[in-house]
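Here are my notes on this model, as numbered points. Please read them with the structure open.

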Amino acid sequence: MEQILHNIQEVLGVPAFLINQCTFLPGYIREALISSVNFIPWLYILYYGIELLERYFLTHIQLFIKLIKRLGPLFGVAISVIPECGYQVMASTFYSRKMFTRGTLLAFYISCSDDALPLLFMDFSKALVIIPIIIIKIIAGLVVAYTVDLVFLFKRQITEDVNAINVDLNEPACCHHRICTMDNVPYWWMHPLTHTFNMFMFTFLCLAFFNCVILGFGSVENLASFLLIDSPYQVIAAAALGIIPNCVVSVFLALAYVKGIISFPSLIAGLTTVTGLGLSALLKRNKNNSNDNTLITIILLISGILTGLFVYYNMQIVEMIQEYFK
């Protein structure tokens, strides 16, 4: 076993060795490239597994609808902890077809972390926060979902218009792939490969950017101090950043936390409002109801700020969760 582990370490060390030979590249670029390349195999395995699960539900739409109908927000927060924004896009599509409540949609959104969680493993000392992140976001998602449904008394009937749903889901989504290719078996490994490549590029560019800025400020501490890492204002700013409908935002937040530039409460606030392409899909498919879209966006932003500030003033809860799972 030791020999096998040694061989694996040698293989994984090859990219770093080759990259370090490229002395014409600045040191901060080489460091970002090494960190990004080493993550490629694990990202592909993760995204391949997610692809299979997502396509199972897409080929069993009735089951997906049945689970939403019976469990509502409970199903939303459970499925959305998977690090991918496909389920938020699906939820936005279903909501635009008046298939479930506003609260259930918010449950999908709030518990979503998009692609952030895998990137926390770049620093194992900070990877332990994944469990508190999931727990806090699930609780926040359920509280907001049931509160919204209670306050607005907004009930929607399940229409189960599967044909209409399939038309929506065949529009370009994450990585510009189309669900209509789901019967094409080779595409099952092509989309995860495309997703992995995109994540590699996002990660590399973000790390290179952070390394360059840190170099300019002289140290991580100086940059973190400049960005008000110990202030609740950073929490509010992170929540506002997370609301931007783009997959790069979650990568940016996760790597900023890994590099020590933002605090854990800020990470929570940003990841609470992050929806990947979910909010973008809602704005596109529910465009005839702009007031509803605005209300959902405002509730999501407020939820992110309040969740982040709650964690900011109660960090002992996070420490207790981490101690319990150690």
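1. Start with the lining of the largest pocket: 15 of its residues are nonpolar, four are polar and none is charged. Bear in mind that this is a predicted model.

2. The volume of the largest pocket is about 350 Å³. Its lining counts 19 residues. Nearest the centre lie I139, A140, V143, L306 and T307.

3. Which helix gives the largest share of the lining of the largest pocket? That is α10, with eight residues. Helices α10 (130–152), α18 and α19 (315–325) each contribute at least two residues to this lining.

4. Now look at S303, a residue of helix α18, which spans 290–312. S303 counts as buried because its relative accessibility is 8%, and the cut-off for buried is under 20%. Where does the side chain of S303 reach? It comes to 2.7 Å from the backbone oxygen of I299. Leaving aside residues up to four places away in sequence, S303 touches I110, V144 and T272.

5. On packing, the largest nonpolar core holds 71 residues. L120, I133, F264 and L267 have the most contacts inside that core.

6. F264 deserves a separate look. Not counting residues up to four places away in sequence, F264 touches V129, P132, I133, I136, Y257, V311, M315 and V318.

7. A second core is separate and has five residues. Among them are A239, A269, I305 and L309.

How values were computed. Residues are numbered from 1 along each chain as its sequence is written. This is a predicted model: local features need pLDDT of at least 70, side-chain atom pairs count only at pLDDT 80 or more; totals for chains, interfaces and linings use all residues. Side-chain values use heavy atoms; hydrogens and water are left out. Helices (H or I, at least four residues) and strands (E, at least two) are DSSP runs, numbered from the N terminus. Buried means under 20% relative accessible area, exposed over 50%, partly exposed in between (1.4 Å probe, protein chains only). A polar contact is a pair of N or O atoms within 3.5 Å; within protein, one must be able to donate a hydrogen and the other to accept it, and residues adjacent in sequence count only if both atoms are side-chain atoms. Contact means heavy atoms within 4.5 Å. On a 1 Å grid over the protein atoms alone, a cavity is a set of points where a 1.4 Å probe fits but cannot get out, and a pocket is an open set with protein on both sides within 12 Å along at least five of seven lines; lining residues have an atom within 4 Å of a point. Grid points are joined across faces, edges and corners, and a volume is the space filled by probe spheres set on the points. Ala, Val, Leu, Ile, Met, Phe, Trp, Tyr, Cys and Pro count as nonpolar, Asp, Glu, Lys and Arg as charged, and the others, Gly among them, as polar. A nonpolar core is a set of buried Ala, Val, Leu, Ile, Met, Phe, Trp, Tyr and Cys residues joined through side-chain atoms within 4.5 Å.
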